[in-house]
Amino acid sequence: MANLLMSRTVFIFVLCVSDLVSEQLRYSIPEELERGAFIGNIAENIRLNVWELPSRKFRLISDDPKQYMEVNPENGFLFVNERIDREQICKKSSPCSLSVQIALVNPLEMYPVSVEIQDVNDNSPIFPKREFHLQINELIAPGARFPLESAQDPDVGTNAINTYKISPNENFAIKVQTRRDGSKNAELLLKKPLDREKQSMFTLQLTAIDGGIPHRSGTAQLIINVMDGNDNAPIFDQETYRATVVENVANGTLVIKINAADMDEGTNAEVTYSFTNHVSQNIRDLFQLDPATGEIRVQGVVDFEEANVYELDVQAVEHVPPGLAAHANVVVDVIDTNDNFPELHVTVVASAVREDAPAGTTIALFSVTDADSDEFGEVHCQIPGSIPFNIENPLRNNYKLVTNGILDHELIPLYNISISAWDGGSPPLSTSKLILVSITDINDNAPKFTQSSYNVYLMENNTPGASIFVVNAYDADLNQNGEISYSILDNAKQDMSSSAYVTINSKNGNIYALQSFDYEQLKHFQFSVEAHDAGFPPLSGTAIVNVIILDQNDNAPVILSPLTWNSSAFVEIMPQSTYPGYLITKVIATDEDSGQNARLSFQLLEAIDPNLFTIGILSGEIRATRSIRDQEIITKNVILCVKDNGQPSLSSTATISFTIMSNVTENSFERMDEPRRLEYFSDLNSYLIIILGSTSFLFLVTIIGLVILKYRQDRNIAEDYTSTGRCYSRRNSNDGFNRRQATSEPLNYSGSVQTEGYRYTVCLSPESSKSDFLFLKPCHPTLPFNDVSVHDINGRN
């Protein structure tokens with residue numbers, strides 16, 4: 001038998017559809033095939049090469065706890081994995097099929113597979129009992145029919161019960177009737193009148209035969225007792241009763257009331273109502289027939305999804321023996337209600353999707369079913385409209401969730417997508433299921449600095465290697481796409497590479513100075529900082545850092561005029577005719593610092609005659625405060641201090657010697673607007689002596705000797721009085737000066753200062769106009785010649 005079943009032709013139907021669920025495969029196999037029996041070649045039907053199966057992760061998905069079928073992942077064959085019993089799976093339902101799905105990954109594709117299970121004639125008809133007893137009154141006329149107990153056959157279609165037979169006899173025959181559901185019922189037909197006196201009992205064999213090839217059959221003994229009795233049988237007012245009942249109606253609900261009348265009188269007319277033997281136990285559990293009133297009521301749960309119609313065979317039997325009976329048929333139609341919620345089954349879910357996934361990318365496949373009928377079974381699906389996803393319906397009751405918008409991991413990294421399904425009832429019934437979809441990050445965000453440019457204010461003389469600033473950038477991406485490294489880019493506009501000035505910590509953006517900066521050499525420089533992530537390809541952002549060097553008071557003032565040598569100035573000549581307010585000379589000084597650090601002030605620390613001189617605090621002009629007396633000494637020394645306005649302030653000092661001459665005229669020196677080279681003091685006097693002649697030789701020698709003697713004496717006692725923030729002076733035992741000294745470190749000057757000197761014409765007194773001698777300002781014999789600018793004695797340019 002098994003070999004015969006295996007040899008039957010397997011019909012394969014392939015239905016091609018489009019899109020992701022692109023093909024629906026249909027196969028047909030007989031039941032009871034052995035394990036491993038071939039069903040179909042899936043790979044060939046979906047036009048897929050065998051070598052592609054491992055990489056596409058070819059597999060079968062089934063919701064059934066029993067894996068009746070399986071696929072070979074190497075060749076794509078669909079085969080029987082477990083014995084399939086159609087009667088166990090589908091019972092009486094026809095057609096009977098098993099549904100599975102074939103899944104392919106990379107890319108994701110689903111193929112619904114429907115395998116129809118064909119019935120084979122593997123079950124014989126069986127009667128519920130081996131013997132049946134009937135009592136028939138001999139008065140019953142020929143043509144009367146008596147319902148017989150039906151046999152049961154789990155097979156369906158042509159393999160179900162096809163006919164009934166009875167052993168040959170003259171009085172009885174079998175009448176076979178076909179019901180609406182295709183089942184067969186047997187009735188015993190009385191062909192000839194009975195005569196109890198001739199034969200009071202008949203023993204017949206009842207046979208039920210199915211339509212399979214070969215036929216199968218089942219038998220039971222039918223024992224008929226011929227009764228002597230009543231000559232009128234009850235009659236139903238209808239041969240067929242029709243009624244309707246709503247499913248899930250409450251127990252006790254009246255379905256219909258049947259009625260039978262008997263022409264006899266008295267007890268012969270009393271009847272009892274009951275179900276015939278054709279009514280199965282399942283129906284008896286659902287409906288109750290009142291034997292006295294004939295009312296049929298609901299006593300169980302009526303479910304439209306189990307059966308939409310019930311046929312009840314009823315009879316009315318007389319109380320008086322032999323108990324004549326009447327028979328009728330009651331048809332109960334069940335009305336469907338919306339009592340089943342839609343069922344949503346998710347088969348495949350892609351739990352993660354890249355944020356750059358194109359629109360139309362499939363995220364999940366799911367199906368929705370409803371056991372109700374008509375509009376109650378029509379289902380609809382929906383997801384929230386505010387998310388970048390959409391539902392497509394490639395096949396009936398099969399859906400796929402796809403992307404239809406822009407995904408951004410930085411805005412929403414995880415979606416909780418609620419899929420809602422509802423039917424067409426009123427009110428509708430609904431169900432929902434939550435799908436979690438994670439959006440994976442890609443490197444789509446470049447690092448950004450908190451500012452496009454930074455200004456760093458750095459005090460000069462900073463410590464090399466110290467941190468001067470911290471830049472900070474952020475990246476909205478995750479993991480290595482958000483890991484930021486910093487580097488310094490050279491500025492093409494600068495003469496020197498930025499890497500010689502600063503360096504940066506690549507991890508935290510901390511900027512360090514590589515050298516100590518000098519404001520006087522470098523006041524500003526600029527460089528760019530780049531922040532790049534570790535993504536592939538890497539993205540970067542830049543910011544400009546402007547480093548502004550702030551001045552520090554690290555340079556002491558430098559006296560430019562009068563010219564000094566070892567903090568002592570050359571001898572300044574002043575006429576004896578000096579008057580109060582007379583401009584003797586002007587001190588010019590400079591400071592390499594800037595701002596308040598270069599704002600200079602002048603003061604006289606000490607003088608032999610402190611009441612003779614005064615100096616402008618800001619201008620540096622030294623003026624006479626009174627007239628020169630005849631008895632005053634020829635040379636007067638003044639200690640000058642120049643101080644800046646820094647904190648702390650720095651200063652320089654110098655000693656200026658003034659020589660008073662009585663024979664110098666006011667117009668002896670004229671203003672010179674162009675620079676001239678200074679000559680050495682000895683050469684000038686030699687020229688003068690030669691020109692003026694021998695008559696003035698003695699007087700000239702005397703004057704020159706006194707001047708040289710005084711100049712050398714002052715040179716020996718002069719010291720460097722320059723210090724930081726204070727002025728110095730000293731007086732030895734010979735000239736009466738006292739020394740003051742502050743405790744601070746001397747300053748070291750770097751660089752060269754190009755100075756502009758000044759020269760003055762000396763205004764002489766009226767008496768000196770009588771003299772033939774002209775005394776010029778002496779120059780130090782060791783100093784080089786310098787160009788100087790000329791100012792007159794009153795400070796006019």
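**Note on the predicted model**

1. Pro 214 sits in the loop that runs between strand 14 (201–210) and strand 15 (217–227), where helices (H or I, at least four residues) and strands (E, at least two) are DSSP runs numbered from the N terminus. The peptide bond joining Ile 213 and Pro 214 is cis, with omega about -5 degrees. A cis bond also joins Gln 647 and Pro 648, with omega about -5 degrees, and Pro 648 is placed in the loop between strand 50 (635–644) and strand 51 (651–661). Most peptide bonds are trans.

2. The model is predicted, with pLDDT of at least 70 needed for local features and 80 or more for side-chain atom pairs, whereas totals for chains, interfaces and linings use all residues. Residues are numbered from 1 along each chain as its sequence is written, and side-chain values use heavy atoms, leaving out hydrogens and water.

3. Arg 47, in the loop between helix 2 (42–45) and helix 3, has a positive phi near 60 degrees although it is a residue other than glycine. Arg 47 counts as exposed because its relative accessibility is 62% (buried means under 20% relative accessible area, exposed over 50%, partly exposed in between, with a 1.4 Å probe and protein chains only). Asp 374, also not a glycine, has a positive phi of about 50 degrees; Asp 374 lies in the loop between strand 27 (362–369) and strand 28 (379–382) and is exposed, at a relative accessible area of 61%.

4. Arg 56 belongs to helix 3 (residues 53–56) and counts as buried, since its relative accessibility is 10%. Beyond its neighbours within four places in sequence, Arg 56 is in contact (heavy atoms within 4.5 Å) with residues including Leu 48, Leu 104 and Glu 109. The C-alpha atoms of Arg 56 and Leu 108 are separated by 8.5 Å, although these residues are 52 residues apart along the chain.

5. Val 71, in strand 5 (residues 69–71), is buried, with a relative accessible area of 6%. Leaving aside neighbours within four places in sequence, the contacts of Val 71 include Phe 58, Leu 60, Phe 77, Phe 79 and Ile 102. The C-alpha atoms of Val 71 and Phe 58, 13 residues apart along the chain, lie 8.6 Å from each other.

6. What is the relative accessible area of Leu 434? Leu 434, which is found in strand 32 (residues 430–440), has a relative accessible area of 53% and is therefore exposed.
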